[in-house]
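Biologist: I have not looked at this one before. Can you walk me through it?

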Amino acid sequence: MRENGILRIVARFLIPLIMLFGLYIQFHGEYSPGGGFQAGVVVAAGWILFALIYGLEAALKVIPERVMYVLAAFGVLLYAITGLMGVILGGRYLDFYPLLPGEHAAQQFGIITVEFGVGVTVATVVMLIFTYFARRKSEWEALSEEEPE
Amino acid sequence: MTVLGFFNYWVVIILMMIGLYCVIARGNMIKKIIGLNLFQTSVFILFISAGKVVGGSTPILREGVEVYSNPLPHVLILTAIVVGVAITAVGLALAVRIQEAYGTIEDDHLGDDGEDDGPFEEEQRG
Amino acid sequence: MAIVDLMPFSVLAPLIASGVVALLPGRFWPWAITLLAAIVATVIAALTLPAALESTLSYPFGNWPPPIGIEYRVDAANAFVALLVAGMAALSLPWAKVSIDREVPERQGAFYALFLLALAGLLGITLTGDAFNVFVFLEISSLATYALIAHGRDRRALLASFRYLIMGTIGATFLLIGIALLYMMTGTLNMADLAVRLPEVQHTRTVDAALAFIVVGMGLKLAMLPLHLWLPNAYAYAPNFVTIFLAGTATKVALYVMVRFIFTVFGGEYSFTVLPLAIVLMALGVAGMFAGSWVAMFQDHLKRMLAYSSVAQVGYMVLGVSLFSAAGLTAAFLHMFNHALIKVALFMAVGTIMYRIGSIKLQDIRGLGRQMPWTLTAFALAGLSIIGVPTTAGFISKWYLILAAAEAGHWWLVGLIVITSMMAVYYIWRVIEAAWMQERPAGSPAVREAPLALLAPTWLMVALNFYFGIDTRLTVGASTAAAEALLGVGGLMP
């Protein structure tokens, strides 16, 4: 779809906005509607739009598959370790109060960190799902092109 | 309340039945997954409509608002939606691999798989 | 650190480990970390059980007090099931190494990460005291299970996995509908809180419908007779290790959820009057015992045979629940535990055969008894246990089931249990007969005994079958406590 001028220009226009919106949802998640799930999906949607228009290869140059895979596990671990910090500092699992001196600061810090982990994992997992399906198709096309010869 | 007063529940029931019918009656695996999605969505609507408080506003703390809708069902359903997406992804991935292994995703063409139709890949070892 | 602070880590250990294992390359470290996580979970579960027998433990997450926050609430019933699940994982993992190297040669990190997710999900279901959490963990473990089954080498594993996905999702969604209806009526999701608030709104149609949805939904995951169709193929074509793990844990956890909702949340008295559960569960249980055993008698594929036998064993457990007495529930929990021991041992033996000869059709194992004596002896001994020969674990649970049936005045059930045990004799005997009484077909290659890495865990399981057939203090004690814990909340103590 790279040849289509309208698509390319509109996408170039939209993708930064989508990403920005994703970040907005991510970092406002602790006191207004939003959070990691939604932000992750929005960011991934921006990337998928990019992949649809510029092709999967170009999109994988932005973020290689291996990086996605590592980031997905990293997000889960960030969540888990933030939860563990509460235990190590003398509270319960996912207990944020011991993390920082102020009550509100501690809760905000905890929620933002955890939601960041969630956001990273959701975004990369959605990208991975897209990548696997999209690549199957290109492999398939390559196969069916070879077959007649 | 009149019958129309339960409007949302009628929607839930109709969607649920369409979804279940799709899952049971359709042989095509993609259609089965679509049916499954419809079925789950109906439950999401059921849950969400339970959280609506008549006259309530969005559950954000601000001045001049006393009555809030219940935010909990939204949070729960967000989780359930993620679960639904994951199930769809796994189902579609399986459908792709079934297509590659069998050449079809129509249940009718697959036949019953009670009998061996291919040797195990493991080689015999002495 | 008090045990209650340690308790949630039997779920968190596999969960955290799955994130680590997913990143590990190679074949050794993913397995080693997985084994470590399973052992940690088992040790914690084992430490929790004695404490839970004394009093109900509660762990509020994030220090938010329940019912606002999510809590893990552990009494004798969940502690017992959690120990069973974690223990089966830890016992089957040593067997897995050699077998998985053969069956899943690539990307083992991802495979073991999925396994850990399934384990964490199952443990989460058992430990949590929050109804919605049950649904989430159920789906985590189910999704991981679908993917694990699809790892089977046979292409029919994909079909089996897809069908399980469809049926399992419908089952889990039914559970979600039930939870939604309960939430609409009470405004809470905490199970203990639900149990307190439900009596006020009892006998409304909504609550009745919720009970029906939850029983049917869990019946699907449990493979109760008419809803068992996903099970035989899923067990037959999954990688052997996955079959072993599922046979030991998945259906048991579903039964636990069903029992937990029937007795703790709704209260046994209410459940058994609103729905004709006593009759329905008894009929389905007996039908499952017969249909499962009957079909198993004519299976040539050994894993399918054992899978149908599992349907029959689930029938015994459901029968125990249907009696609605402390004795019946004790028998159900006891059979849950003992059946896990038996089936894990049997599937290990069958998996070992498959590892050597690449097939587990009845005609292919003819005369194998002399070439793989240790493997087939293990199979035969575990077979004795599933038949219910005295001094084996299988005997203990059937004995308690018979006692419970007699106590309830259903003497005819005793006859039925004995008849189905005879059917078990037949399907186990067919294998023994083929392996020892028949000659190895001419031209088939000579087979060596299986490697020690597979034999040792198999024999350990066989030994456990006999150990728990003789020393029943742990199993019977914990099962009785579990039954009392479930019935006590419902307000009925015989």
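Modeller: Start with chain A: of its 149 residues, 34% count as buried. A residue is buried if 20 or more other C-beta atoms lie within 10 Å of its own, exposed if 12 or fewer, and partly exposed in between, with C-beta atoms placed from the backbone. This is a predicted model, where local features need pLDDT of at least 70 and side-chain atom pairs count only at pLDDT 80 or more, while totals for chains, interfaces and linings use all residues. Residues are numbered from 1 along each chain as its sequence is written, and chains are lettered from A and ligands numbered from 1 in the order in which they are written.

Biologist: What does the secondary structure of chain A come to?

Modeller: Chain A has 5 helices and 0 strands. Helices (H or I, at least four residues) and strands (E, at least two) are DSSP runs, numbered from the N terminus.

Biologist: And how many residues of chain A are in contact with chain C?

Modeller: 12 residues of chain A are in contact with 11 residues of chain C. Two residues are in contact if their C-beta atoms, placed from the backbone, lie within 7 Å. The chain A side divides into 9 nonpolar, 1 polar and 2 charged residues. Here Ala, Val, Leu, Ile, Met, Phe, Trp, Tyr, Cys and Pro count as nonpolar, Asp, Glu, Lys and Arg as charged, and the others, Gly among them, as polar.

Biologist: How many residues of chain B are in contact with chain C?

Modeller: There, 34 residues of chain B are in contact with 33 residues of chain C. On the chain B side, α2 (29–50) and α3 (72–102) are the elements that give two or more residues. The largest share, 14 residues, comes from α3(B). By class, that side has 21 nonpolar, 6 polar and 7 charged residues.

Biologist: Now chain C. How do α3(C) and α5(C) cross?

Modeller: The axes of α3(C) (residues 28–54) and α5(C) (residues 108–127) come within 9 Å and cross at roughly 10°. Axes are lines fitted to C-alpha atoms, for helices over the stretch in contact, and angles run from 0 to 180 degrees between N-to-C directions. The two helices are therefore roughly parallel. Angles under 35 degrees count as roughly parallel, over 145 as roughly antiparallel, 65 to 115 as roughly perpendicular and the rest as oblique.

Biologist: Are α16(C) and α18(C) roughly parallel or antiparallel?

Modeller: Their axes cross at roughly 170°, so α16(C) and α18(C) are roughly antiparallel. Residues that meet there include Phe379(C) and Gly383(C) in α16(C), and Ser421(C) and Ile428(C) in α18(C). The contact has 11 nonpolar, 2 polar and no charged residues.

Biologist: How many residues are in the largest nonpolar core?

Modeller: That core has 273 residues, and those with the most contacts inside it are Phe80(C), Val344(C) and Ala345(C). A nonpolar core is a set of buried Ala, Val, Leu, Ile, Met, Phe, Trp, Tyr and Cys residues joined through C-beta atoms within 7 Å. Helix α15(C) (residues 326–357) gives the largest share of this core, 22 residues.

Modeller: Ala406(C) is in helix α17(C) (residues 393–407). With 13 other C-beta atoms within 10 Å, Ala406(C) is partly exposed. Leaving aside neighbours within four places in sequence, Ala406(C) is in contact with Trp411(C) and Val414(C).
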